[in-house]
Amino acid sequence: MREVWKDIALSGGAYQISNYGRVKSVERVAENGRAVHERILKTRFNEQGYEYVNIQVQKRRKAIKIHREVAKAFLENPNNYIEVNHKDENKRNNNVENLEWCNRVYNANYGTALKRAAASRLKKHVLQIDQFALDGTFIKRWMTPKAIEVEHKKAMRATNIIACCRGKYKTSYGYVWKYAEPSRRMRIG
């Protein structure tokens, strides 16, 4: 597929984006009378890992996310979705073939999103939870409440299990749940 360039709508024709996810400044004479030469702009990555670039819009600098601008320029959005999903889950791959418009639920649950979220919380050393049978027999230690939700495909909700750990309920889903004692918790990383 060859690289195709389209205007970035909010820039008034001063900037273009390609189907590969590159942004360029269009050759023009700026408002102050100086000549602006065509050039590919340098991109950066925000804290969430999304690629963005700063452009000048009405004398103000504006940061735009590359994946969203590629989708706006090259993908139809008949359902008026507000989110853009990376099909390969790589936020740095902003090629139009890797992007799709979607709703929030689809985007949040796409691919390995739930497993990655649980793994991310593991790194932050979230309180571990012990699962017991009603007779007090130890069953399993869970690294995070969300890990329980993920493994049971949301049939068990983390909020109910946490409520049980905090003493609001005696049992939840036919089990007794307790926070692991600090001295018995496993260290992560």
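Predicted model: local features only at pLDDT ≥ 70, side-chain atom pairs only at ≥ 80, totals over all residues.

Student: Which element gives the most to the lining of the second largest pocket?

Tutor: The second largest pocket has a volume of about 480 Å³, and of its 17 lining residues the closest to the centre are Tyr50, Glu83, Val84, Lys91 and Asn107. At least two lining residues come from each of H1, strand S10 (83-86), helix H2 (104-109) and helix H3 (113-123). The element that gives the most, with 4 residues, is S10.

Student: Is Glu69 buried or exposed?

Tutor: Glu69 is found in helix H1, which covers residues 66-74, and its side chain makes a polar contact of 3.2 Å with the side chain of Lys72. Leaving aside neighbours within four places in sequence, Glu69 is in contact with Ile8, Leu10, Ile17 and Ile64. Because its relative accessibility is 7% and buried means under 20%, Glu69 counts as buried.

Student: Why is the pair of Tyr106 and Tyr110 called tilted?

Tutor: A pair of aromatic rings is described by the distance of the centres and the angle of the planes. The structure holds 3 aromatic pairs, and in the one formed by Tyr106 and Tyr110 the ring centres are 5.5 Å apart. Planes under 30 degrees apart count as stacked and over 60 as edge-to-face, so this pair is tilted, with its planes at 55°.

Student: What is the angle between the planes of Phe132 and Phe138?

Tutor: Phe132 is buried, with a relative accessible area of 17%, whereas Phe138 is partly exposed at 42%. Their rings form an aromatic pair with 5.7 Å from centre to centre. The pair is edge-to-face, and the angle between the planes is 75°.

Student: How far apart in space are Val105 and Glu83, C-alpha to C-alpha?

Tutor: Val105 lies in helix H2 and is exposed, with a relative accessible area of 59%. In sequence, Val105 and Glu83 are 22 residues apart. From C-alpha to C-alpha, the separation in space is 9.7 Å.

Student: Leaving aside neighbours within four places in sequence, which residues is Arg157 in contact with?

Tutor: Arg157 is found in the loop between helix H4 (145-151) and helix H5 (158-165), and it is partly exposed, with a relative accessible area of 36%. Although Arg157 and Pro145 are 12 residues apart in sequence, their C-alpha atoms are 8.3 Å apart in space. Once the neighbours within four places in sequence are left aside, the residues in contact with Arg157 are Glu149 and Tyr173.

Note on methods:
Residues numbered from 1 in each chain as written. Heavy atoms only, no water. Buried < 20%, exposed > 50% of the residue type's maximum accessible area, 1.4 Å probe, protein only. Polar contact = N/O pair within 3.5 Å; in protein donor to acceptor, adjacent residues only side chain to side chain. Contact = heavy atoms within 4.5 Å. 1 Å grid on protein atoms, 1.4 Å probe; cavity = no way out; pocket = protein on both sides within 12 Å on 5 of 7 lines; lining within 4 Å. Points joined across faces, edges and corners; volume = space filled by probe spheres on them. Phe/Tyr/Trp six-rings, centres within 6.5 Å; stacked < 30°, edge-to-face > 60°.
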